[in-house]
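Me: I am new to this structure and would like to go through it in questions and answers. Please show it before we start.

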Amino acid sequence: MKFNLGFIIFFSFLNLCKAQFQHSIYIAPGVNLYQYVPLYLSIKSHRFINNWQSSLGYRLLYRVNRFAFYGTAEVKYSKIKFKQSEPTEFYSGVLVNAEATIGLSYRIYKKLAIGLDYKQMHELNSSGGFFESFFELDKDYFGYTLSLQYQFSKHFETGLHLYAPAGNQFSKYSD
């Protein structure tokens with residue numbers, strides 16, 4: 001009973017704040033921030049050369065003044081280039097993910113917002129020497145995104161996303 005009463009009061013408060021539902025399609029370039037330490041001896045001295053991604057998604061949000069709570073569904077394409085130093089070799093790979101997100105954003109200026117997301121990812125496809133030679137990804141993993149979004153029109157926005165996988169994204173080393 002207490003939960004139901006609290007739920008009703010919360011949504012009544014949101015309606016008094018002139019809240020509104022909105023939806024939009026977005027395109028966002030970004031950078032992956034991988035967090036792992038290789039244990040495999042031959043790749044202890046390495047670095048990422050290029051590690052970019054792009055996303056296409058649909059966002060449904062509930063805006064209350066400058067704050068917005070939202071959920072998204074998106075498809076992400078990532079391109080990874082990796083340099084092993086000893087011996088010197090280059091590897092690359094392509095990763096395609098389907099993602100579901102919940103998040104919170106704050107509008108810092110008229111159409112510019114900063115946000116923090118929790119993402120649940122499912123790998124659709126991975127290919128290339130990076131994945132075939134060294135790593136296999138978990139099919140399902142999660143991560144966090146810090147985003148900067150600009151809304152061009154009522155239903156289209158673009159942004160820049162900094163993404164950090166959490167948990168065990170790389171499940172094992174390939175032989």
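**Strands and buried charges**

Reply: A hairpin joins β4 to β5 through two residues. Strands, like helices, are DSSP runs numbered from the N terminus (E, at least two residues, for strands; H or I, at least four, for helices). The model is predicted, so local features need pLDDT of at least 70 and side-chain atom pairs count only at pLDDT 80 or more, while totals for chains, interfaces and linings use all residues. Residues are numbered from 1 along each chain as its sequence is written, and side-chain values use heavy atoms, with hydrogens and water left out.

Me: How many bridges join β4 to strand β5?

Reply: Two strands pair if DSSP finds at least two bridges between them. Strand β5 covers residues 112–127 and runs antiparallel to β4. The number of bridges joining β4 to β5 is 15.

Me: Over how many bridges do strand β3 and strand β4 pair?

Reply: Strand β3 spans residues 67–84 and strand β4 spans residues 89–109. I80 stands opposite G93 in β4. The two strands pair in the antiparallel sense, and the number of bridges is 18.

Me: How many salt bridges does the structure hold?

Reply: Side chains of opposite charge can pair when their charged atoms come close. A salt bridge here is a side-chain nitrogen of Lys or Arg within 4 Å of a carboxyl oxygen of Asp or Glu. By this rule, the number of salt bridges in the structure is three.

Me: How many residues apart are E74 and K119, which link distant parts of the chain?

Reply: The side chains of E74 and K119 meet in a salt bridge at 2.9 Å, N to O. E74 lies in strand β3 and K119 in strand β5, so that the pair links distant parts of the chain, and the separation is 45 residues.

Me: Why does the pair of K76 and E99 tie together parts that are apart in sequence?

Reply: The side chains of K76 and E99 meet in a salt bridge (2.9 Å, N to O). The pair ties together parts 23 residues apart because K76 lies in strand β3 and E99 in strand β4.

Me: Are E99 and K119 buried or exposed?

Reply: Buried means under 20% relative accessible area, exposed over 50%, and partly exposed in between (1.4 Å probe, protein chains only). The side chains of E99 and K119 meet in a salt bridge of 3.3 Å, N to O. E99 has 5% relative accessibility, and K119 has a relative accessible area of 1%. Both E99 and K119 are buried.

Me: Which residues are linked in a network of salt bridges?

Reply: K119 meets E74 in a salt bridge and also meets E99. E99 in turn meets K76. The linked residues are E74, K76, E99 and K119.

Me: Which residues does N97 touch?

Reply: N97 is found in strand β4 and is buried, with a relative accessible area of 2%. Contact means heavy atoms within 4.5 Å. Not counting residues up to four places away in sequence, N97 touches E74, V75, K76, M121, H122, E123, L124 and Y141.

Me: How far apart in space are R59 and F156?

Reply: R59 has its place in strand β2, residues 46–64, and counts as buried at 4% relative accessibility. R59 and F156 are 97 residues apart in sequence. In space, C-alpha to C-alpha, the distance is 9.8 Å.
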